[in-house]
Amino acid sequence: MTRGPNPLVPGFNPDPSIVLADDAWYLVTSTFEYLPGIPVYRSTDLVEWIQVGNVATRPEQLLIGEVPTGLGVWAPTIRYREGTFHVIVTVPGSPKGCVVYTATDPAGPWDDGTTLEGVDGIDPDLAWYDDGTAYVTYSGLVLAGPNLGKHRGVQQVRVDLTAGKALEEPRDLWSGTGLKFPEAPHLHRRGDWWYLVIAEGGTERGHGVSVARGRSPEGPFEGHPANPVLSARSTPRPIQNTGHGDLIQTPDGGTALVLLGMRPLGGTVAFSPLGRETFITDVAWVDGWPQPEPVELAPRAEVEETVFDFATTDLSDPGWLAVRRLPTDVAMVTGGRLAITGDDSTLADTHPRFVGRRQRHLTSTVATRVDVSAGTGGLAARYDEHSWYGLEARTHGGGSTVTARARVPGLAQDWTATLPAGEVELRIETRPPARGFTVEAMGGDRIRLVAAAGGEEVQLTELDGRFWTAETCASFTGRVVGLYATEGTATFADYRYRGSEEDTQYRP
Ligand code: 6LW
């Protein structure tokens, strides 16, 4: 059996780590400059996943208020020991460094975190020996100083988790097989062996999973003779960039690998609108080595519909995100509507007045109804402050003006329409490109920006989505689609999401 569904946790969910505790699985992913940070997903069958909370729900846990785009929360690891959940993570660009959070309930609250002095790198893993010795195993990427960007391979150090410090000089554990960027180590024990599972090849098309094993958590580690044991590099497989995996026990007692991958769309050169998503595949044990099966595409058949009607709900759902601050610091529910007050910042700024949610499907519609009688605001999809598109409404004369905006680094284009008075419906629709050899088929997903008011509907533009993908954007996040205001107060009646994979064209 090759396990699915795939994607397992769709949308912007890179660098997954997973743990089994008390008959439930918990999975965490990276969030970069977004707050709250580090979503916690829960499953009781390894199939259906519900986001039960976030690790970092208070800004002081992460200190990413001014973090440069692309930095922030990278690659958390979740582990469970003696009734306590631990999440260890590095936060490049934040004074937090390498930090460990604990909670007894993974839905939260999590504690403020303990910074571990002496762990200098990224992608930390946490493992314990029988006697309670705690090991942090990490990628020795140098993040500051004259050796910035230098990779020192996979390193390890024994730590005192309570005191927040390393107990020794870090040791070199494994340099990988020679592919670039040996990183994302996870240490797992099985029988008499300790297995070191790492990512190699970089997070792009060359990404892969390599394995080494040793008799002690400190090594020495011997690599699998046929590493990388998993990679989609130089293949036409529909899921590319597969790597950065964590091993987990399955409900039937087998083993699976949970890992990141991308779903490129388009022609020979293909583009992944949703960035790095979380996938799963079965692992066989062959001669004492884990052998992951290739990652198969197995999209869910059902249509996902989520409606947030602000007459009956607020922002307490854990899936809401804001940029470098909490959603509740940007927006509030009042009088049955979500109100966002602008401060003259736009989506091109580092701190937009924006609250959004992950786009989880390649075929999607996100819609809202906005009142702009007291301000300017709209609906937008954001990769980062350089790369975004959306619809912005303002009151003009007796009606409204709606401007569709598309931004990529160095290029800006706007389209404008006027609509009758009244509440404005704004809609962003995406669908995969058509099959065949047309120009459209060679592009990315198709993005329609639509507005309606007073019984009139207008499509302002249709965009080629290849400009807002993991391959073309500077940050390695994904699409977050949300509500925003630039000036005055815009109020929103609802946020409606509909997603499916029904007409997805899968072709790298
Ligand atoms: C992650 C690392 C990586 O920490 O990207 O390219 C970082 N590799 O494994 C952020 O996802």
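**Close-up views of a predicted protein model**

**View 1. The whole chain.** Because a compact globule of 508 residues would have a radius of gyration near 23 Å, the 23 Å of this protein agrees with that expectation (the radius is taken over C-alpha atoms, and the globule rule is 2.2 Å times the number of residues to the power 0.38). This is a predicted model, in which local features need pLDDT of at least 70 and side-chain atom pairs count only at pLDDT 80 or more, while totals for chains, interfaces and linings use all residues. Residues are numbered from 1 along each chain as its sequence is written. Along its principal axes, the C-alpha trace spans about 75 × 50 × 45 Å.

View 2. The protein has 0 helices and 40 strands, where helices (H or I, at least four residues) and strands (E, at least two) are DSSP runs numbered from the N terminus.

**View 3. The pairing of S8 with S9.** Strand S8 (residues 97-103) pairs with S9 in the antiparallel sense over 2 bridges, and valine 100 stands opposite threonine 114 in S9.

**View 4. The shell around the ligand.** Among the 14 residues around the ligand, Trp74, Ala75, Glu183, Ala184 and Thr203 come nearest, a residue being near if its C-beta atom, placed from the backbone, lies within 6 Å. Strands S6 (74-81), S10 (122-128) and S15 (183-190) each supply at least two residues of this shell.

Definitions and conventions:
Two strands pair if DSSP finds at least two bridges between them.
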